[in-house]
Amino acid sequence: MTYTARQLNRATLDRQMLLRREPVDVLTAVDRVVAIQAQEPASPYIALWNRVEDFDPAGLDEAFTSGAVRKASLMRITLHAVTAADHEVFHHAMLPALRASRLYDKRFKGMDITIEQADALLGHLLEFARTPRQKAEIEELLHSHVGDVGEPGVWWALRTYGGLVHAPTGGPWSFGLRPAYRSVTTRARERLECVAEMLRRYLTGFGPATVPDMNQFTMLPRTTIREALALLDLTESGGHYDVPDRTVPDEDTPAPPRLMAMWDSTLLAYADRTRMIPEPYRKVVIRNNGDTLPTLLVDGRVAGVWRPTEDGGIEATSFHALSDDDWTGLAEEAAALKKLLGDREPQVYRRYARWWNGLPAHDVRVV
């Protein structure tokens, strides 16, 4: 069979817990959604608020503090929040790409240090970071071993591929503007088996999906992806792979409105972005520099964007006409979101306000 566009959309919403908020704990939710984009500290919290019934942000605070959920550079060389078990697998799967993104970059080649020296420093760094360390402490350690190697500095490379995770530094969202890092213990893994497991996990949270979709999610070569897929017991239909025994909802399944976090993974996990974003809106919500705006989902697809107002409201900008029922649903969501933000950071994402200039606004309402 060939899936319709709406079936694929509903499959994503179902697996990402966006057809209904579900009564699960934080760790179960993170496991089910697989990987939460975490460039902005607030985004994992808003992502889970959208998915978990009676979400308590203190549960995610505790998961980050205990290490049950880890924040680290992984897929697409960007920050994700994942379970500890997934972090170990995903890091080994992504390691060649993480290394190449730095060690073969012209900025690294312009520094007075070799790849071998950088790798040798990693052992010292991992030992030093058994206790959480901030950037200045780490750079002082590295400087004591190799001196001034030039810009951007060897720490720029090691923090990406060294396997370090971000250590919580406090409120309002566990991680502040001055990040701290700590090392974690991982066991040796066979790399292709890790890639296969990462792709299996991807399909549990984002499937059915194509090889180009998996390439977009990971930025790994398609040849590597196909080699890893051969290790898995999967179904395949019309070029879409899936884990066995997973169903796809009917395309007429209702989808409630949602106010999504910046960089929500559902918008970035596919080569075919039209699964979640109508093509005319793709470049509006995903900016040229990669910033991915907080969006409105209506009937399961992006219909606009949102941001807080200075007086504690939520401003919703629709890109096309919405029904009265749609606006009522968005207002109900906004009322609940204001409570979450009011307890933590009412003006979340305010430094991205420049992107609201020139939006294709059909209707703007404070809801």
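Which residues in the largest nonpolar core touch the most other members? Keep that question in mind as you open this predicted model.

**Stop 1: the largest core.** Select Ile 46, Leu 48, Phe 55, Trp 306, Leu 337 and Tyr 349. These touch the most other members of the largest nonpolar core, which has 65 residues. Now select helix H14, residues 324-342. H14 gives this core its largest share, six residues.

**Stop 2: a second core.** Next, pick Ala 72, Trp 156, Ala 157 and Leu 203. They are among the 54 residues of a second, separate core. In soluble globular proteins, nonpolar side chains tend to be buried together.

**Stop 3: helix H10.** Select residues 191-206. This is helix H10, with 16 residues. From first C-alpha to last, H10 reaches 22 Å, close to the 22 Å expected at 1.5 Å a residue. Then zoom in on the start of H10. There, a side-chain oxygen of Glu 190 comes to within 3.1 Å of the backbone nitrogen of Leu 192.

**Stop 4: what H10 hides.** Colour the buried residues of H10, including Cys 194, Val 195, Met 198, Arg 201 and Gly 205. What covers the buried residues? Look for helices H1 (5-15), H2 (26-33) and H5 (84-103), and for strand S8 (240-242), all part of the cover. Helices H11 (211-218) and H12 (222-229) are also included.

**Stop 5: H10 meets H11.** Show both helices. Their axes come within 11 Å and cross at roughly 105°, so H10 is roughly perpendicular to H11. On the H10 side, select Met 198, Leu 199, Tyr 202, Leu 203 and Phe 206. On the H11 side, their contact partners are Asp 213, Met 214, Phe 217 and Thr 218.

Definitions and conventions:
Residues numbered from 1 in each chain as written. Predicted model: local features only at pLDDT ≥ 70, side-chain atom pairs only at ≥ 80, totals over all residues. Heavy atoms only, no water. Helix = DSSP H or I, 4+ residues; strand = E, 2+ residues; numbered from the N terminus. Expected span 1.5 Å × (residues − 1). Buried < 20%, exposed > 50% of the residue type's maximum accessible area, 1.4 Å probe, protein only. Contact = heavy atoms within 4.5 Å. Polar contact = N/O pair within 3.5 Å; in protein donor to acceptor, adjacent residues only side chain to side chain. Core = buried A, V, L, I, M, F, W, Y, C linked by side-chain atoms within 4.5 Å. Axes fitted to C-alpha atoms, helices over the stretch in contact; angles between N-to-C directions. Parallel < 35°, antiparallel > 145°, perpendicular 65-115°, else oblique.
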